[in-house]
Amino acid sequence: MTIWRLATRVLDSARLLRGLTGRHQSERGLQPGEATIVIGKNKKPVGVFCDAGGRLHAVTAICTHLDWELEFDPGSQAWACPRHGARFATDGAVLSGPARIPLTVTAIPEQLRETRSPRPSAG
Ligand code: FES
């Protein structure tokens, strides 16, 4: 692993941790048009997008071209790969290459389900 790749991973991890522990986000959850990346149960990043109706959509946030972590582009409402520029729709469909394989649709991570639908307290 190169120093540059290691530094990128450290910065990505810091960003992901902010997303998991961000007070602002955890208090209000995702709003329509917003997205975030969280670490799923399998330790892989999961991209979660909130559509206009408030429904969450989750995809594996790893580019299908060469396994680079994706970022969300709020301007175009798409997942974008910073490495070679592939773009994916929020449902995982390929919008532009070089990736040819869609993202895998996955379950909504538990931490986001809980912020949108708090469990009733016992008693
Ligand atoms: S790794 Fe994503 S486009 Fe190449």
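Visitor: What pattern does the chain follow along the sequence?
Guide: The order is α-α-β-β-β-β-β-β-β-α. That gives three helices and seven strands. The model is predicted.

Visitor: What makes strand 1 and strand 2 a pair?
Guide: At least two bridges are needed for a pair. Strand 1 (residues 35-39) and strand 2 have five bridges, in the antiparallel sense. They therefore count as paired. T36 has V48 as its bridge partner in strand 2. The hairpin of these strands has five residues between them, and K43 takes a positive phi near 70° there.

Visitor: How do you know that strand 2 pairs with strand 3?
Guide: The test is again at least two bridges. Strand 2 (residues 45-50) and strand 3 (residues 56-60) are joined by five, and the two run antiparallel. They pass the cut-off, so they are a pair. F49 stands opposite H57 in strand 3. These two strands also form a hairpin with five residues between them. In its turn, G54 has a positive phi of about 85°.

Visitor: Why is strand 2 called mostly covered?
Guide: A residue is buried under 20% relative accessible area. Six of the six residues of strand 2 are buried, so the strand is called mostly covered.

Visitor: Which residues of strand 2 point one way, and which the other?
Guide: P45, G47 and F49 point one way. V46, V48 and C50 point the other way. Side chains in a regular strand alternate between the two faces of the sheet.

Visitor: Why are C63 and C81 called buried?
Guide: The limit is under 20% relative accessible area. C63 has 2%, so C63 is buried. C81 has 6%, so C81 is buried too.

Visitor: Why does I62 count as buried?
Guide: The relative accessibility of I62 is 19%, and the limit is under 20%, so I62 counts as buried. I62 lies in the loop between strand 3 and strand 4. Beyond its neighbours within four places in sequence, I62 is in contact with P45, D67, W68, E69, L70 and L103.

Visitor: Why is D67 called exposed?
Guide: Exposed means over 50%. D67 has a relative accessible area of 51%, so D67 is exposed. D67 sits in the loop between strand 3 and strand 4. Phi of D67 is near 60°, positive in a residue other than glycine.

Visitor: Why is Q77 called partly exposed?
Guide: Q77 has 30% relative accessibility, so Q77 counts as partly exposed. That class runs between the buried and exposed limits, 20% and 50%. The residue Q77 is in the loop between strand 4 and strand 5 (78-80). Phi of Q77 is positive, near 55°. Most residues other than glycine have a negative phi.

Visitor: Where is the cis peptide bond?
Guide: The cis bond joins G97 and P98, with omega of about 20°. P98 belongs to the loop between strand 7 and helix 3. Most peptide bonds are trans.

Visitor: What lines the second largest pocket?
Guide: This pocket has a volume of about 200 Å³. Of its 15 lining residues, G40, K41, V46, T106 and A107 are the closest to the centre. Strand 2 and helix 3 (110-116) each supply at least two lining residues. Helix 3 gives the most, with three. The lining divides into six nonpolar, five polar and four charged residues.

Technical notes:
Residues are numbered from 1 along each chain as its sequence is written. This is a predicted model: local features need pLDDT of at least 70, side-chain atom pairs count only at pLDDT 80 or more; totals for chains, interfaces and linings use all residues. Side-chain values use heavy atoms; hydrogens and water are left out. Helices (H or I, at least four residues) and strands (E, at least two) are DSSP runs, numbered from the N terminus. Buried means under 20% relative accessible area, exposed over 50%, partly exposed in between (1.4 Å probe, protein chains only). On a 1 Å grid over the protein atoms alone, a cavity is a set of points where a 1.4 Å probe fits but cannot get out, and a pocket is an open set with protein on both sides within 12 Å along at least five of seven lines; lining residues have an atom within 4 Å of a point. Grid points are joined across faces, edges and corners, and a volume is the space filled by probe spheres set on the points. Ala, Val, Leu, Ile, Met, Phe, Trp, Tyr, Cys and Pro count as nonpolar, Asp, Glu, Lys and Arg as charged, and the others, Gly among them, as polar. Contact means heavy atoms within 4.5 Å.
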